[in-house]
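Thanks, everyone, for making the time.

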Amino acid sequence: MTRKLGSRQETNMSLDNTSQPPVKYRADKVNAKDIHGRPEPELVPSRYALKVGAIEVLVVSDGVLSLPGAMLGHNVDPAVRTAWLEDMFLPPDVLEWALNVVVVRSGGRTILIDAGMGAEFPDLPRAGRTVQRLEAAGIDLASVTDVVLTHMHMDHVGGLLVDGVRDRLRPDLRIHVAAAETKFWESPDFSHVSMPPGFPDALRRTAKRFLHEYQSQLRTFEEKHEVAPGVLVTRTGGHTPGHSVVRLASGSSRLTFAGDAVFQVGFEHPDWYNGFEHDPEEAARVRVSLLRELAANRESLVATHLSFPSVCHVAVDGDVFRWVPGPWEY
C-alpha cells in the first residue's frame, strides 16, 4: 500500500466547505432512539477517515443488511457454501452484509459515492443510516456538490429518497451514473438473479422513483468520467450493466471503491455468483480482473459490502485471492 495508513490525520480535516469541528474527533450524536437497544451516542464508530495523497476520504457505515446466506453463491453446492460460512465463524442461514458509502473531497468538491438504503424499508431496520451519520460527522447535505452512483440498486440510491433530503441538497447537485445503468432500469432484466421474494419489485420501484425525482440532475457517462481531480468513475458492468467503480489517485497513493464488484467471499471464491448480480458470469470476470489489478499495483480497496471500515489490500493466493485488512488507525 503506497498510502501510509498508520500516519495520523490532520486534526482540522473537515470534508465540508463550512467551518466544522474536526471530523475524526467529533462525538457521534446520531439520534438512534434506542430502536436497536443502543443508547445515544452510538457505542461503535460509524465513520473512518483517511487520506489518499491530497484527497480526503471518509468511509461511512449505512448499517447492515440481513440476507440469506445462499445469496453468497447460488451456483455452488449448498454444503460447500455452508462449510465456507462455518470456516468464517458465520451462521449458515443469515449473513449480515455491511453497507458502506464514501465521501471524498478533492479540488474543492465534496463527493458522495452511493447513498445507502434510505428509510423506505421497515423490514430492514438496521440499514439506512447515511443521512444521519453524515450529519453526525459535520457534513451538511448542502455542501455535497456531486453524487456518484456505482449502480442503482436500492441500497445505493435509497438515501437520496428519504423525506426532506432532496430539499436540503444543492439545486446544482450533479449525480453521475453510467448511461448503461439508467437505460437498464427503464426495463430491467431479473432473469439471472437469485434474490429473496419481494426484492425484484422493490428494486424496480426504487429505481423508477429515483429516475423520476432526479432526472434533471443526472450527468451520465459512457465508460469513464473524471468527477474531480484524481476522482475517476469507470464503468465495469457485470453486477448491473452500468455498474461502476471509483478510482482515487493523488501523488503515489491509490484507492478503489469497488461498489458491488467484490464481496467477502469473492476473494477465496471469485467464481461464486452473488444473488444480486444481473449478469453473474460477467460479474465474475469483472471481479477477477479487478482483484488481479489491485493485487498487482498494491492499491487500497474499499467496497460496499466488506465489513466496515472495509479498507484493505488484495493479495494473490495461488489461483485465488486473499483479503488483507488495513491497520486500524485510531
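This is a predicted model: local features need pLDDT of at least 70, side-chain atom pairs count only at pLDDT 80 or more; totals for chains, interfaces and linings use all residues.

Let me begin with Trp-97, which, leaving aside its neighbours within four places in sequence, is in contact (heavy atoms within 4.5 Å) with Gly-63, Val-64, Leu-65, Leu-67, Met-71, Leu-72, Phe-263, Asn-274, Phe-276 and His-305. Residues are numbered from 1 along each chain as its sequence is written, and side-chain values use heavy atoms, with hydrogens and water left out.

Trp-97 also takes part in a cluster, in which ring pairs link it with Phe-199, Phe-263 and Phe-276. Rings of Phe, Tyr and Trp (its six-membered ring) pair if their centres lie within 6.5 Å, and planes under 30 degrees apart count as stacked, over 60 as edge-to-face and the rest as tilted. By this rule there are 7 aromatic pairs. In one of them, the centres of the Trp-185 and Phe-190 rings are 6.0 Å apart and their planes lie at 70°, so this pair is edge-to-face. Trp-185 and Phe-190 are both buried, where buried means under 20% relative accessible area, exposed over 50% and partly exposed in between, with a 1.4 Å probe and protein chains only.

Which residues touch the most other members of the largest nonpolar core? Among its 56 residues they are Trp-97, Met-152, Ile-175 and Phe-210, and a nonpolar core here is a set of buried Ala, Val, Leu, Ile, Met, Phe, Trp, Tyr and Cys residues joined through side-chain atoms within 4.5 Å. The element that gives the most to this core is α6, with 7 residues; helices (H or I, at least four residues) and strands (E, at least two) are DSSP runs, numbered from the N terminus.

Finally, please turn to helix α7, residues 280-297, whose buried residues include Pro-280, Val-286, Arg-287 and Leu-294. Seen down the helix axis, the buried residues of α7 fall within an arc of 160° (taken from the directions from the axis to the C-beta atoms), so they line one face of the helix. The face turned away from that buried side carries the exposed residues Arg-292 and Ala-296. On the buried side, the residues of α7 pack against β10, β11, β12, β13 and β14, and just after the helix, Arg-298 takes a positive phi of about 65°.
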